[in-house]
Structure formats: C-alpha cells, structure tokens
Amino acid sequence: MYTMHPAEFTYHRPESLDEAVSLLAQDAESRPLAGGHSLLPMMKLRLAIPSALVDLGRIPGLGEIEAEGDGLRVGALATHDAVARSDLVRATCPVLAEAAVLIGDVQVRNRGTIGGSVAHADPGADYPTVLKALGATINVAGPDGEREVHADEFFVGLFETALRPGELVTSVQVLATPRGSGAAYVKHAHPASGYAVVGVAAAVSVAEGACTAARLTIGGVSTTPVHAAQAVETLAGAPSSAEAIASAAEAVAQALPETMGDAYASGGYRAHIATVLAKRALTTAFERAA
Ligand code: FAD
C-alpha cells in the first residue's frame, strides 16, 4: 500500500568523517544523509529503501567554506543558503552564489547541501552544470582513502556519479574567477519545483577585447550537463561582439546530444530554450569579463 512512510532503517550519527566512512563500509545498503531534501522524498516514495542512514550533520568542518590556493573549497555540508550568502564565494567565484540563490525555495536552500546535490546528480540540478563549466574538482573520501575527481568525470549518467561504493563527497573546489574573466548561470525553472528545466552556465576570458577562452555548459537537456564545445569554438580568438554571441548561441541546439523530454517540456523545446539561455549567459559572462 502507498503510505508516504519510509521503510524501517537504522539511524547513525557519526562524529567524524572516519566514523562515517567506516559505517558506510560496513553495510552496502546504507546511505549518507545530508540535507535530506532529495533522499527523504525518495524514501517516502520507496524509490530508495536504505537499510541505514549515516547522518553527516554532526561531522565537524564538513560545511566550511574556505579560500584555498587560487580558489575556494566548499565543504560538502555547506547549504545552498550558506553558499549564496558567503562573502568569500561572492568575491571569489560569484557564479556559484548566483546558482545557489536560484535553487528551489528558502526551505530547500536552508537544508539542501552542495555535497548532496552533486552526489544525487539530478539532471535538473543547478550546481552540476556550473561546476562543469568551471572545471571544478570534487573531493571524495572512502574506504580506500581520498581522491579528487574532475567535474567532467564525476557526473556519469542519470542520478549516477563516479562515486565508488562507500565513498563520500567531502568538498568541492573551484578556481577563483580572475580579472578579465566572467561567468554567468541562467535557468528556466520548473514553475512548481524550481528545478532547472534548462540551466546554462557560461565562463569566458577576454584580453584586449578578444575572447581567449569560452566554455558553455547546458544542464537539464540530457542525463548529465554537456559542454556545447562546438558552439563556442568560433568565439575564441575573435573580438567579443553581440553578433558573435548570437551566432554561437544559435549553434547550441546542434551541439547537444539526444535531448530528454517530459510532460512539461519536450526535448525540442528544451533545445530551443537552451539557445535562448545560452545567448543570455554568454552576454552576461562577457559583460562581467569586461
Ligand atoms: P540528501 O537528500 O540528504 O541526499 C541526496 C543523495 O545524495 C542521497 O543519495 C545521499 O545518500 C547522497 N549524499 C548526500 N550527501 C552526500 C555526500 N556528502 N557524499 C555522498 N553522498 C551524499 N536542486 C537544484 O539543484 N535546483 C532546484 O531548483 C531544486 N529545487 C528543489 C525543490 C524541492 C521542492 C526539493 C525538495 C528539492 C529541490 N532541489 C533542487 C534539490 C535540493 O537541492 C537537494 O537539496 C539536493 O538535491 C540534495 O541535497 P541534500 O543535501 O538534501 O541531500
């Protein structure tokens, strides 16, 4: 019978990362719990039936946001709200805060975490698109120790990541946006949930009026965010202009793989929205770079 109650599970509240990793290693059917905003609904619908939850909420330091090297390390437990409000994020990598502000609603942003979002790998999530555009690194820890996974390799498929059994996301690392570079994230949000029907991230660099590098990443149209590399090929090396941006955006639909559709938006509609948002994201990114 459909009850909206999760199946029974054991609840663990480790006080350290090592304890969490060891609890997860002991039971292949256990799952980490962060903000619970994706996991708990799935459990209520019995789409996930974990034998145990390992609550990461008491692990010291896991939610910290700190400057590191040429960039920023955002702890896995940092909530969307913490990222959106962080002066450090806004000063160092403002596009990350820009994406965080657009996630769901106040309640979701107060509980949902960056680690939970990337680990869940929802095709409608916002962070994965931005992190891929920024060339971010996802730091993970597990029974075999720690490792770093580039965002391009982390998002593998629909709700599927490169995380190995028992591994946890510990933080996300991004480089600071330097002078002469700009990035922007824009989305068409689902009117009910706020998830990205399509989300587009652009990151560009400009020197002496000419574009030296451009990255355009599209989320929501396929199982994982995709780089529309072919579409922005013509931008690099050329003076940045409204015409060049418009022509790159027009090429986005052809640069996309097979598009996904659902009752709200067909694949073709999503591809069209992607071209519209690509123009907006590129225009804003170039304005910021200047
Ligand atoms: P949880 O729900 O606790 O966990 C999600 C999954 O990740 C689980 O499988 C869990 O085991 C695993 N996990 C959690 N943390 C870790 C970790 N550190 N390492 C490894 N695995 C881990 N998202 C958007 O991007 N954009 C939106 O507009 C948006 N709108 C939403 C609207 C609503 C109404 C709701 C309920 C959610 C929405 N979300 C949206 C999703 C939200 O951002 C979730 O918070 C996020 O997807 C999961 O983060 P969490 O911390 O809640 O993770």
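1. The axes of helix α5 (residues 94-101) and helix α8 (residues 127-134) come within 10 Å of each other and cross at roughly 170°. Because angles over 145 degrees count as roughly antiparallel, α5 is roughly antiparallel to α8. The crossing of the two helices, α5 and α8, is right-handed.

2. This is a predicted model, in which local features need pLDDT of at least 70, side-chain atom pairs count only at pLDDT 80 or more, and totals for chains, interfaces and linings use all residues. Residues are numbered from 1 along each chain as its sequence is written, and side-chain values use heavy atoms, with hydrogens and water left out.

3. On the α5 side, Val-95, Leu-96, Ala-99 and Ala-100 meet Tyr-127, Val-130, Leu-131 and Leu-134 of α8; contact means heavy atoms within 4.5 Å. By class, this contact of α5 with α8 has eight nonpolar, no polar and no charged residues.

4. Helix α1 (residues 17-26) has Ala-20, Val-21, Leu-23 and Leu-24 buried (under 20% relative accessible area; exposed is over 50%, partly exposed in between). These residues cover an arc of only 160° around the axis, which puts them on the same side of α1. The face of α1 turned away from the buried side carries the exposed residues Asp-18 and Gln-26. Among the elements covering the buried residues of α1 are β1 (10-12) and β10 (168-175).

5. Ala-121, not a glycine, has a positive phi of about 55°; Ala-121 is buried, with a relative accessible area of 4%. Phe-159, also not a glycine, has a positive phi of about 55°, but Phe-159 is partly exposed, at 43% relative accessible area.

Notes: Axes are lines fitted to C-alpha atoms, for helices over the stretch in contact, and angles run from 0 to 180 degrees between N-to-C directions. Helices (H or I, at least four residues) and strands (E, at least two) are DSSP runs, numbered from the N terminus. Angles under 35 degrees count as roughly parallel, over 145 as roughly antiparallel, 65 to 115 as roughly perpendicular and the rest as oblique. A crossing is left-handed if the near helix is turned anticlockwise from the far one by less than a right angle, and right-handed if clockwise. Ala, Val, Leu, Ile, Met, Phe, Trp, Tyr, Cys and Pro count as nonpolar, Asp, Glu, Lys and Arg as charged, and the others, Gly among them, as polar. Buried means under 20% relative accessible area, exposed over 50%, partly exposed in between (1.4 Å probe, protein chains only). The arc is that of the directions from the helix axis to the C-beta atoms.
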